[in-house]
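Welcome! Open the structure in your viewer, keep the selection tool at hand, and follow along stop by stop.

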Amino acid sequence: IIDNFKPSMDEVVIDIGSNDGTLLSFFKKEGYQVLGVDPAKEISEIANENGIKTINEFFSLELSNTLKRNFPKASIITANNVFAHCDDLVGILNGVKNLLSENGIFVFEVSYLVDVIQKTLFDTIYHEHLSYHSVIPLIDFFKSNGMELFKVDIFKTHGGSIRGFAKLKNSKIKVDNSIKTLVQLERELGIDNSETFIQFYEKIKLIKDRLLEILFELKAKGKKIGAFGAPAKATTLMYHFGLNKDLIEFIIDD
């Protein structure tokens, strides 16, 4: 980000959902003024103790007004794996717009809907994830809120993620070819077509039937079945597949 966008040293770098300040620490080492926002009290205290100025609040338009009065404009605002968790994305974006400098950028990472569909990652669908992102609707979302999605990178994190870059409507930053490439990919895959999601559901049913067949065969042979790994995703999988204590003896996690 520093190499490609050369943010101004006179402006601040803000991380929404900053956790213990690890990401911001890299900007701080390069001499930038940094500011974290995180609602978790203990983690915010740890970040502050480590020299990363952190506000212990949920990010909102109201909070952005307070920050605007007390800090410089933001050249960079990041939100890694929190943008999918918010029930007021418009409110978040209004807060971001309120703080960005003229040529500042908003950088966010989210799971990619294309990977969810292609790899049948249905177990990533649970209470904490309120949005499932793809590029086509993100373009319209930013446009309708006075911003523009100008670049998207693809990563393997969480089974497949995208890092989106957005700018203010009148910013001079040029739109990258990645937008056109991914829009074409999503149209070819039918991500904007309801039939794709019907097929996704049918694929999940086939996996369920095959897994249950295997488990019932093992139980019929007198085997005990244990499971390893108990993330939130396990709840989605077990509930949807009907995996209860009659099939799974125990679950362990490290």
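Start by selecting R210 and E213: these two form a salt bridge, with their closest N and O atoms 3.4 Å apart. A salt bridge here is a side-chain nitrogen of Lys or Arg within 4 Å of a carboxyl oxygen of Asp or Glu. Before going further, note that this is a predicted model, in which local features need pLDDT of at least 70 and side-chain atom pairs count only at pLDDT 80 or more, while totals for chains, interfaces and linings use all residues. Residues are numbered from 1 along each chain as its sequence is written, and side-chain values use heavy atoms, with hydrogens and water left out.

Now show helix α9 (residues 194–220): R210 and E213 are three residues apart in it, so about one helical turn separates them. Helices (H or I, at least four residues) and strands (E, at least two) are DSSP runs, numbered from the N terminus. R210 is partly exposed, at 46% relative accessible area, and E213 is partly exposed too, at 40%. For these words, buried means under 20% relative accessible area, exposed over 50%, and partly exposed in between (1.4 Å probe, protein chains only).

Next, pick D192 and R187, another salt bridge, where the closest N and O atoms are 3.7 Å apart. R187 is exposed, with a relative accessible area of 52%.

How many salt bridges does a search of the whole structure find? The search finds nine. For one more, select R163 and E109, whose side chains meet at 2.7 Å, N to O. R163 lies in strand β7 (residues 161–168) and E109 in strand β5, so the pair ties together parts that are 54 residues apart in sequence. R163 is partly exposed at 24% relative accessibility, whereas E109 is buried at 12%.

Stay with the strands and display the open sheet of seven, ordered β3-β2-β1-β4-β5-β7-β6 with mixed pairing. Two strands pair if DSSP finds at least two bridges between them. At the edges are β3 (54–55) and β6 (147–155), each pairing on one side only. Zoom in on β4 (residues 74–80) and β5 (residues 100–111), which pair in the parallel sense over six bridges; A74 stands opposite L100 in β5.

Finish at helix α4 (residues 61–70), where the buried residues are L63, S64 and L67. Seen down the axis of α4, these fall within an arc of 100 degrees, so they line one face of the helix; the arc is that of the directions from the helix axis to the C-beta atoms. On the other side of α4, select E62 and R69, which are exposed.
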